[in-house]
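This report looks at how the chains of one model meet. Please keep the sequence and the structure in view while reading.

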Amino acid sequence: MRAVHYLNQFFGGIGGEEHADRPVEVKDGPIGPGRALEGEWQGAARIVATIIAGDNYASTRTEETEAALRTALEGHRPDVLVAGPAFNAGRYGMGCLTACRVAASLGIPHVAAMFPQNPALAMHENRGLVVLPTAETAIGMRKVIPQVARLALKLGHGELLGTAAEDGFLPRGIRRDVMHEETGAERAIAMLKRKLAGQPYRTELPVEAFDSVEPAPPLRELGRARVALITTGGIVPHGNPDRLKEYNSVAWKAYSIAGLDDLASDAWQPIHGGYDSTWAREDPDRVVPVDALRALERRGELGALDDRMYVTVGVGTPVANARRFGQEIARDLRERKVDGVILTAT
Amino acid sequence: MRANRIVAGVRIPHPVSNPAVAKDREIEVRTAFAKRALEVLATPVEGPTVFTVDHPGAR
Amino acid sequence: MRLERRSFPVTAAALGTRTRLDGTRLEVDRAELADLVRTDDRVTRCEVELVAPGEDARIVHVCDTVEPQWRAGGGTFPGWISPIRTAGSGVTHRLAGAGVTVCAELPWRRTGGIQTPRENIAEMRGPLAALNPLARLQNIVLVLTLRDDLPDEECDRAVHLAETRAAEHLARAATEGAEPATTDVRELVDVDPSLPRVAYVYQITSQGPYAGTFYYGGYLDRLMPTIVHPNEILDGALVDGNIAGPWIRTPTTVHQNNPIIEGLYRDHGKGLAFAGVVLTRGHYYGMDDKFRVAQQASKLARWLRADGAILTWENAGNGIMECLYTLQECERAGIKTVFVTWEHGGAAGDDTPLQFYVPEADAIVSTGSMDEPVVLPEVARVVGSDTIRLDPQVGGVRHPARGPITLDWRLELYGGAAHVGEHRYGRVDA
């Protein structure tokens with residue numbers, strides 16, 4: 001079994017922080033922790049190449065790093081890509097997971113290793129990757145190397161990945177239904193008894209941390225700003241002509257509010273399935289305040305209310321879909337030179 | 001992903017309005033929300049921040 | 001409060017000349033039952049059908065299911081067919097393994113909104129049967145037609161009155177004067193005071209017609225957390241009105257057999273002391289109400305001197321927040337918690353599982369995902385209607401109930417979320 005190993009400048013034997021800007025380079029054979037991996041494999045596998053990148057380079061110049069990794073991996077075509085262990089080093093973690101993403105895109109199995117709270121793991125693009133947990137510092141190297149070696153060998157041989165519990169990797173944002181021996185109620189009571197007795201227990205669903213995005217800078221002159229309305233409250237033209245769904249949305253639509261002083265109840269209706277729509281039916285402005293903003297626009301308190309109102313339904317909608325809607329709407333907003341957005345949510 | 005500029009709404013079925021106030025005054029509540037939203041767009045923030053609307057009908 | 005439950009198991013059902021239990025075979029006088037249901041003149045038609053576990057069948061337009069129970073001496077289903085009096089003490093007969101399911105095509109008068117009586121589908125066979133509370137029951141199905149001039153609240157009441165009336169009648173006719181197979185006592189007897197005390201924080205959802213939960217016959221829309229005796233739940237105090245949320249509801253028969261309550265009773269005195277039930281409502285529309293619920297519910301758990309609590313919720317969306325805020329307050333007060341929930345996760349299982357989290361929720365039991373698309377196979381028999389209705393937001397689209405039926409996700413599958421942990425489904429990190 002042939003593996004390629006990704007390391008940073010330190011574990012790759014180049015040097016410390018002063019070399020963190022090193023671009024990607026590829027060396028033959030194993031280096032540092034790679035030798036320990038080969039020691040575990042005892043001839044069953046070998047590291048044909050080690051890819052080294054400086055922590056700063058890998059974490060800030062993602063496109064170049066990805067391109068270099070792709071070239072190296074296409075060239076070597078290993079059975080598996082191993083990255084790290086990165087412990088709690090955030091920039092190194094980012095580099096490792098970039099290597100994993102590139103491997104995945106080429107259909108090459110991968111395994112990385114790092115501390116569960118490594119910030120690189122919270123990044124949305126790093127969902128779905130196979131990562132073994134480590135201690136916070138390199139003091140955990142000796143313990144994790146055999147685990148990395150075992151899983152790398154399994155993946156490199158084309159075996160199917162087990163569940164996170166079976167193969168020891170961190171929850172990677174992919175879950176599947178199973179049938180247990182006991183009912184949910186039985187499992188709940190048993191779990192509580194263990195928790196009350198101070199015994200170890202294992203949650204069936206790890207708590208998720210929602211990531212953050214850099215805030216956009218504030219608008220400078222409201223009197224010249226173009227502002228658009230978005231709603232996830234499902235206010236659509238009467239008859240729901242585009243057949244937007246009441247839950248679990250797959251689409252958004254933009255509707256014209258050009259020349260409208262308000263959203264009239266005979267022209268617009270709520271179709272959202274997750275709230276009592278009585279009040280919105282009487283006056284859709286209660287969900288999207290077109291009337292109030294139009295009045296402010298007339299008074300010059302904003303430059304312009306954009307002609308387009310963007311609509312979808314939020315309830316039961318997968319985050320991935322919502323993310324896509326946001327990206328698509330943002331592109332439209334840019335083209336229309338919209339400066340700011342008011343989004344009303346239900 | 002957490003929103004950075006959040007204005008606390010009234011209730012889910014009518015986030016920016018309050019049907020409990022007198023009919024002819026409800027527009028004032030919506031106007032208060034619209035103004036506040038614009039102000040918040042013009043306010044720098046460092047991370048997710050919740051703003052409230054200072055109007056008696058806004059709760 | 002001491003409840004003696006006399007159980008009469010039912011392992012088969014058939015139509016017969018009179019309603020009786022012959023061993024474990026329930027015979028149903030269908031004409032008598034239909035006549036009884038039609039004493040409510042809001043019901044213009046009542047067909048009675050029997051559906052057995054494992055049958056190549058599908059039941060559609062399901063409104064609710066009740067376990068047949070009869071309180072010896074009167075007082076069954078208080079608030080429905082008996083005066084309002086606290087349930088949960090005395091002697092109640094139950095036909096264990098039977099269920100009265102009421103089906104009706106309720107009016108779709110609006111294009112969407114939460115209070116829509118959505119399509120509730122129950123699969124009797126195949127892999128999805130494991131998620132269906134009816135799949136293990138001998139089902140006596142009432143297929144109703146209601147008067148078409150009834151407002152929503154009357155339609156809502158008519159279907160639940162029909163099922164409770166029918167359920168009591170069957171239990172009484174089949175078991176009055178007979179000896180039960182088993183008798184169990186439910187009583188919160190004093191136990192070793194050193195045992196950890198466990199409260200059950202039981203969150204229901206209630207938002208008006210087709211989306212409510214009834215407590216002694218009244219909607220719980222305005223419920224602020226309160227303490228109830230677990231026997232009340234077992235003995236018919238709660239009736240499920242959540243036709244609007246098929247997957248994410250707790251049918252009445254599940255309340256009557258709540259497995260958390262039964263499980264805590266089983267362990268009462270052996271490893272723990274069942275401290276009682278805090279009944280709460282979720283899905284309030286304002287943050288203030290959510291905080292009120294969390295404060296009140298956690299306070300009541302403390303007043304029950306709980307060392308630990310199991311929290312379950314009902315419905316979807318923002319309803320999870322009341323439960324998790326309550327959990328957070330409990331943990332802050334030193335009460336150790338376990339949270340039971342279904343998950344989203346998207347069609348491919350790689351999307352965010354829950355709508356909301358608190359860091360204190362470190363002990364979660366998962367009952368599986370709603371989000372996977374399903375194809376319901378063609379079946380030999382449909383009960384309830386020849387067509388199903390989907391897509392209320394475009395006024396409703398009909399499809400043949402026989403199938404095959406392709407569904408985007410499992411929302412329309414009756415009772416599948418197993419909010420109170422009644423089935424063995426779960427979910428793991430892959």
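The C-alpha centres of domain 1 and domain 2 of chain A lie 45 Å apart. This is a predicted model. Domain 1 of chain A covers residues 2-167, and domain 2 of chain A covers 222-344.

**Two interfaces with chain C**

Chain C meets chain A and chain B. The table sets out the values for each interface.

| Item | Chain A and chain C | Chain B and chain C |
|---|---|---|
| Residues in contact | 58 of chain A, 70 of chain C | five of chain B, five of chain C |
| Buried area | about 5400 Å² | about 400 Å² |
| Share from carbon and sulfur atoms | 57% | 57% |
| Salt bridges | nine | one |
| Residue pairs in polar contact | 36 | two |

**Chain A against chain C**

The rule finds nine salt bridges across the interface of chain A and chain C. A salt bridge joins the side chains of C:Arg118 and A:Glu246, with 2.7 Å from N to O. Polar contacts between chain A and chain C link 36 residue pairs, counted where both residues have pLDDT 80 or more.

Which elements of chain A supply at least two residues each to the side that touches chain C? They are β7 (175-179), α7 (184-196), β11 (268-270), α8 (278-282) and α10 (319-335). Helix α7(A) gives the most, with 10 residues. By class, the residues on this side of chain A divide into 26 nonpolar, 15 polar and 17 charged.

Strand pairing also crosses from chain A to chain C. β7(A) pairs with strand β28 (residues 425-429) of chain C in the antiparallel sense, over five bridges. Within this pairing, A:Asp177 has C:Arg427 of β28(C) as its bridge partner. Strands of a sheet pair through backbone hydrogen bonds, either parallel or antiparallel.

**Chain B against chain C**

Five residues of chain B are in contact with five residues of chain C. The area buried between chain B and chain C is about 400 Å². B:Arg11, B:Ile12 and B:Arg59 supply 82% of the area that chain B buries against chain C, more than any other three residues.

B:Arg59 also forms a salt bridge with C:Asp288, and their closest N and O atoms are 2.5 Å apart. On the side of chain B that touches chain C, three residues are nonpolar, none is polar and two are charged.

**A sheet within chain C**

Chain C holds an open sheet of three strands in the order β16-β15-β18, with antiparallel pairing. Which strands of chain C form its edges? β16 (218-219) and β18 (238-241) do, each pairing on one side only. Strand β15 (residues 212-215) of chain C is joined to β16(C) by two bridges, and these strands run antiparallel. C:Tyr215 stands opposite C:Gly218 in β16(C).

**A:Arg323 and its contacts**

A:Arg323 lies in helix α10 of chain A. Helix α10 of chain A is also one of the elements that supply at least two residues to the side touching chain C. Leaving aside residues up to four places away in sequence, A:Arg323 touches A:His124, A:Asp211 and B:Met1. The side chains of A:Arg323 and A:His124 are joined by a polar contact of 3.2 Å.

Technical notes. Residues numbered from 1 in each chain as written. Chains lettered and ligands numbered in written order. Heavy atoms only, no water. Domains from an automatic or database assignment. Contact = heavy atoms within 4.5 Å. Buried area = accessible area lost by both parts, 1.4 Å probe. Salt bridge = Lys/Arg side-chain N within 4 Å of Asp/Glu carboxyl O. Polar contact = N/O pair within 3.5 Å; in protein donor to acceptor, adjacent residues only side chain to side chain. Helix = DSSP H or I, 4+ residues; strand = E, 2+ residues; numbered from the N terminus. Nonpolar A, V, L, I, M, F, W, Y, C, P; charged D, E, K, R; others polar. Pairing = 2+ DSSP bridges.
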